[in-house]
Every structure is written in structure tokens, then in C-alpha cells.
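Hi,

Here is the structure I said I would pass on. Have a look at it first, and then read my notes below.

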Amino acid sequence: MLKISTDRLIIRDHIEKDLYPMHELLSNRKEMYYLPELRTNSITGTNENLQVAINESKTNKRSKFFFAITDKYTGDYIGEIGFIRTNRSIFGDIMELGYFIKEIYWGKGIVTEASKSIMSYAFNNWNTRKVVTGCVVENKASEGIMKKLGMIKEAELKNHVVLHNKLHDRVEYRILKEEWGELYKDNNTIGDRFS
Ligand SMILES: CC(C)(COP(=O)(O)OP(=O)(O)OC[C@H]1O[C@@H](n2cnc3c(N)ncnc32)[C@H](O)[C@@H]1OP(=O)(O)O)[C@@H](O)C(=O)NCCC(=O)NCCS
């Protein structure tokens with residue numbers, strides 16, 4: 001099982017015991033407001049997602065990397081983070097980052113901390129040339145993470161997303177492997193605590 005340790009968190013592959021806390025999150029309207037396509041209405045629906053995550057974690061030809069974020073000291077389930085390989089080439093791959101956590105943990109820098117470590121994991125272990133992510137412009141907390149990570153805005157897409165029956169603009173950010181290396185070259189604590 002993959003386990004990444006940060007100052008406050010363990011980011012790990014999923015286990016069957018994640019089902020109920022994961023369902024609390026995936027079925028919550030407020031927490032999933034910006035991700036309606038991932039919201040589930042039943043424990044069966046959440047279990048389908050969990051099984052995809054568990055099965056992917058066991059294959060060598062992995063293209064989806066979905067991890068549980070947990071509290072390092074209590075083991076409590078906090079939320080989800082991961083990336084999907086959206087492009088593969090001889091020059092390296094493009095990975096799309098995504099995240100969502102329970103509301104009681106918002107605003108504590110948790111997703112910024114988790115994103116740093118899993119992006120480092122992606123660059124160091126999966127032939128990643130570029131990590132991308134994006135959100136609707138109203139989701140300031142999500143865009144805040146992209147900025148705090150040092151990602152670079154690549155696009156502002158007008159009227160791009162239909163969310164809850166309204167059109168929204170979307171912003172997209174990137175970071176290339178060499179940009180990441182330059183940014184975090186003095187931080188030798190990132191990327192070397194995988195097991
Ligand atoms: C978006 C989300 C993942 C943010 O996680 P988080 O751990 O609370 O984020 P962080 O605490 O690392 O905050 C990152 C930055 O966002 C900014 N930020 C946070 N909330 C903000 C707000 N309401 N308005 C403006 N900026 C905000 C801050 O700059 C913060 O940096 P700071 O620590 O210097 O204040 C979390 O709110 C969440 O799970 N939301 C629901 C699901 C979701 O929207 N997922 C993303 C879909 S694209």
C-alpha cells in the first residue's frame with residue numbers, strides 16, 4: 001500500500017474501512033457543491049467509487065491515483081486527493097490533480113500540504129511532465145491552493161462550465177516538472193517520505 005507522510009497527514013491508498021466516512025463526504029451537498037458529478041446518493045454508489053480506487057491501487061498500469069487523506073495522529077478520514085493520467089507520450093505524461101475534503105477541515109492548509117506531497121510523488125515516480133488542474137472562478141479556495149502551490153495560470157475559459165443550471169467561467173493552472181523542480185529545489189523534505 002502506498003503511504004505518503006507529511007507533517008500532519010498520511011495520504012494513502014484506499015481500504016474497505018473508508019466506505020462510511022467516504023460516503024459521508026461524497027453524499028454531502030455542500031461539500032460536493034462544485035463536484036456534482038462525483039456526488040453519490042447511496043452507499044452502493046460510494047462503494048462503486050471506492051472499489052475503482054482500490055482496484056486501481058493494485059494494478060501496475062495505473063492511470064487513476066485516488067488517495068484518502070487521513071490525520072497522521074488520529075487516523076481520522078479527512079477527504080480525497082488524487083490525479084488522473086490524461087495524456088501519455090514519450091516526453092512524459094500529463095496528470096490532472098483533484099481534491100475535496102470534509103468541511104470541518106477547510107481553511108487549515110490541509111489540501112495545500114497534501115497536494116505538494118502527491119505532486120512530488122507524481123513527478124518523482126510516474127514520468128510526469130506536467131500537472132494541471134482547474135476550477136470555476138467562484139471556487140476561491142480551490143484556486144487559492146493552485147496559487148499557493150506556485151502553479152501558473154494557463155487559461156480563463158469563459159462560460160465553460162454548467163454548474164447547477166448556470167454557466168460559469170473556469171480557470172486552469174499548470175506546473176511543468178522543471179518548474180516544480182526549480183520552485184521546490186531547496187525543500188528536501190518533499191518527495192522522500194514514501195513507503
Ligand atoms: C477547495 C478545498 C479543497 C480547499 O481545501 P483547504 O484545505 O481548505 O485549502 P487551504 O486551507 O490549503 O487553502 C488554500 C488557500 O485558499 C485560499 N482560500 C481559502 N478559502 C478561501 C475563500 N473562501 N476565499 C478566498 N480564498 C480562499 C487561501 O488563500 C488559502 O491560503 P491561506 O492558507 O494562505 O489562507 C476545500 O475547501 C474543499 O474540499 N471544498 C469542496 C470541494 C471542492 O471545491 N474541491 C475542488 C473542486 S475544483
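Is Asn 165 buried or exposed? Asn 165 is exposed, with a relative accessible area of 78%; here buried means under 20% relative accessible area, exposed over 50% and partly exposed in between, with a 1.4 Å probe and protein chains only.

Before the rest, some housekeeping. This is a predicted model, where local features need pLDDT of at least 70 and side-chain atom pairs count only at pLDDT 80 or more, while totals for chains, interfaces and linings use all residues. Residues are numbered from 1 along each chain as its sequence is written, and side-chain values use heavy atoms, with hydrogens and water left out.

Back to Asn 165. You'll find Asn 165 in the loop between strand E7 (152-163) and strand E8 (166-176); helices (H or I, at least four residues) and strands (E, at least two) are DSSP runs, numbered from the N terminus. Asn 165 has a positive phi of about 70°, although it is not a glycine. Asn 127 is another non-glycine with a positive phi, of about 50°. Asn 127 sits in the loop between helix H3 (110-125) and strand E6 (128-136), and is partly exposed at 48% relative accessible area. For context, most residues other than glycine have a negative phi.

Lys 166 belongs to strand E8 and counts as exposed at 57% relative accessibility. From Lys 166 to Lys 185 is 19 residues in sequence and 42 Å in space, C-alpha to C-alpha.

Now the helix pair. The axes of H1 (residues 19-26) and H2 (residues 43-58) come within 9 Å and cross at roughly 110°; axes are lines fitted to C-alpha atoms, for helices over the stretch in contact, and angles run from 0 to 180 degrees between N-to-C directions. H1 and H2 are therefore roughly perpendicular to each other, a label for 65 to 115 degrees (under 35 is roughly parallel, over 145 roughly antiparallel and the rest oblique). The crossing of H1 and H2 is right-handed, meaning that the near helix is turned clockwise from the far one by less than a right angle, with anticlockwise being left-handed.

Which residues meet there? Leu 19, Tyr 20, Met 22, His 23 and Leu 26 of H1 meet Ile 43, Thr 46, Asn 47, Asn 49 and Leu 50 of H2, contact being heavy atoms within 4.5 Å. They divide into six nonpolar, four polar and no charged (Ala, Val, Leu, Ile, Met, Phe, Trp, Tyr, Cys and Pro count as nonpolar, Asp, Glu, Lys and Arg as charged, and the others, Gly among them, as polar).

His 23, in H1, is buried at 15% relative accessible area. Beyond its neighbours within four places in sequence, His 23 touches Thr 40, Asn 41, Ser 42, Ile 43 and Thr 46.

His 14 lies in the loop between strand E2 (9-12) and H1 and is buried, with a relative accessible area of 4%. Leaving out neighbours within four places, its contacts include Met 22, Leu 50, Ala 53 and Phe 66.

Finally, the UniProt record (unreviewed entry) lists residues 9-169 as "domain: N-acetyltransferase"; its positions are given in the numbering used here, feature names are shortened, and annotations may be inferred rather than shown by experiment. That span is 30% helix and 35% strand, with its end C-alpha atoms 32 Å apart.

Cheers
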